[in-house]
Amino acid sequence: MSTELIEQLDALAARYGNRFLLEPAPDDRLPDHGMSATDAMRLLAEELVLDGLPMRNLATFVTTWMEPEAQRVIAANLHRNFIDHAEYPRTAEIEQRCIRMLADLFHAPGETTGARTQGSSEAIMLGALSLKWKWRERRERAGKPTDRPNLVFGGDVHVVWEKFCRYFDVEPRIIPLQPDKYTIGPEDVEPHIDENTIAVAAVLGTTFTGHADDIPGINDLLVTLRDDRGLDVPLHVDAASGGYVWPFLYPDSAWDFRLEQVRSINTSGHKFGLVYPGIGWLVFRDRSDLAEDLVFYENYLGKTDATFTLNFSTGSAMVLAQYYNFVRFGRDGYRFVMETMQRNTRVLAERITGLGPFRLVGADDEEQLPLVAFQLAEERGYDEFDIASQLAAERGWMVPAYTLPPDADHVTIMRALVKLTLGRSMVDTLAEDIADACATLERKGGLHELDRRRVKTGTGY
Ligand SMILES: Cc1ncc(COP(=O)(O)O)c(C=O)c1O
């Protein structure tokens, strides 16, 4: 388009509407000419209308709503680069406060260390790297080979654990799930451990069903192996979702540094830490659990800065938002929020089982994230994927249907997260909408083959 025409359009747009309405959105090369700020903003807004509504996304563990005051903190600090510790020393201090608070919440026995990360995935990569480095140090000291490290975990972990193994050259020893057991315990772990095992990873609140691995049982096994066979294998807890749930809903349940072999924990501030996406945490039991080789010391503007991260420049806003939540809610507030979610979870679970065709996954008294995992109790003319699709078509709810990892891959589950955006009246509405979707499917049968191919089959994160 010529400059002259663009100017004319801009003049008309300023008076009557937006220029972008007449043009296809730039999509393959940087446009020669820009557009007004209002046009650019509206173009983006129009595109995003086609996305799902985050508030109706019951697949995600990640926060979709924060208080207006928290949003103001975030908006006011988007320009603050977190890595510039010398320029923003209070931001760096606030990160340290968050780490100390989490370490205390997780019962660290003394002074410790940790890091702000982009999410649990970065925290896991860093934590697992430290485990690999520490294992190598131990092997070198003993004059033993260091070329075949392995990591033991269950099929119920998030994909990031396999990713770590592939990226950082560690053999994954994945314990398959069983047809009726979707978490792992000591008896599953034991046969896989040997002197090359850098660690066992256990999950507090799995992505698939929201339950926890038997972390105390695995800890006991590792203590016995250490005492009886001299095999000192650390335990890392992936508390991506559970780290902010268990301390408040199940405070007497020991899964954290109360257990002696637990050396490091990751958690996602942007999940039940109640912060928008972009914040995770890695916390060590003890300063000595962080492999010194992973720390970089830089002289920055006359101050020595120790960095321990896979990224460099990144935002500060979510660190500050996490601290906002900590001081805003405190222990009481987090407990109230978690109990609110749990109460609504129970109501939703009752409403869903009351509909007739469904049963819950897991026992009533099992510790679990605030979510309802359910499935059809018997075969019908439609399945869970059909229901997920029908529910999305009728009301826009995003409730995923997926199959479990091997060897439970014949099991299909639906799962609805119950967060603060799903209050009591929305719970009732959702249950009615599930009933309506099933009624439609009873009348018309399952989806057409073509529609089936479009159904999303991932868990959501
Ligand atoms: C158990 C578990 N670990 C790790 C992750 C990855 O976390 P993030 O999305 O914060 O990187 C998830 C995400 O769903 C998870 O559920």
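Reply: A backbone N or O atom of serine 120 sits 2.8 Å from a ligand oxygen atom. Serine 121 brings a polar side-chain atom to 2.6 Å from an oxygen atom of the ligand. For threonine 207, a polar side-chain atom lies 3.0 Å from a ligand oxygen atom. The protein buries 92% of the 390 Å² that the ligand exposes when taken alone (Shrake-Rupley areas, 1.4 Å probe).

This is a predicted model, where local features need pLDDT of at least 70, side-chain atom pairs count only at pLDDT 80 or more, and totals for chains, interfaces and linings use all residues. Residues are numbered from 1 along each chain as its sequence is written, and side-chain values use heavy atoms, leaving out hydrogens and water.

Around the ligand there are 13 residues (a heavy atom within 4 Å). Ser120, Ser121, Asp238, His270 and Lys271 come nearest. By class, the shell holds four nonpolar, seven polar and two charged residues (Asp, Glu, Lys and Arg count as charged; Ala, Val, Leu, Ile, Met, Phe, Trp, Tyr, Cys and Pro as nonpolar; the others, Gly among them, as polar). Helix α5, residues 120-141, gives the most to this shell, with three residues (helices are DSSP runs of H or I, at least four residues; strands are runs of E, at least two).

Asp238 also belongs to strand β5, residues 235-238. His236 and Asp238 point one way from β5, Leu235 and Val237 the other, and all are buried (under 20% relative accessible area, 1.4 Å probe, protein chains only). In a regular strand, side chains alternate between the two faces of the sheet.

Methods: A polar contact is a pair of N or O atoms within 3.5 Å; within protein, one must be able to donate a hydrogen and the other to accept it, and residues adjacent in sequence count only if both atoms are side-chain atoms. Buried means under 20% relative accessible area, exposed over 50%, partly exposed in between (1.4 Å probe, protein chains only).
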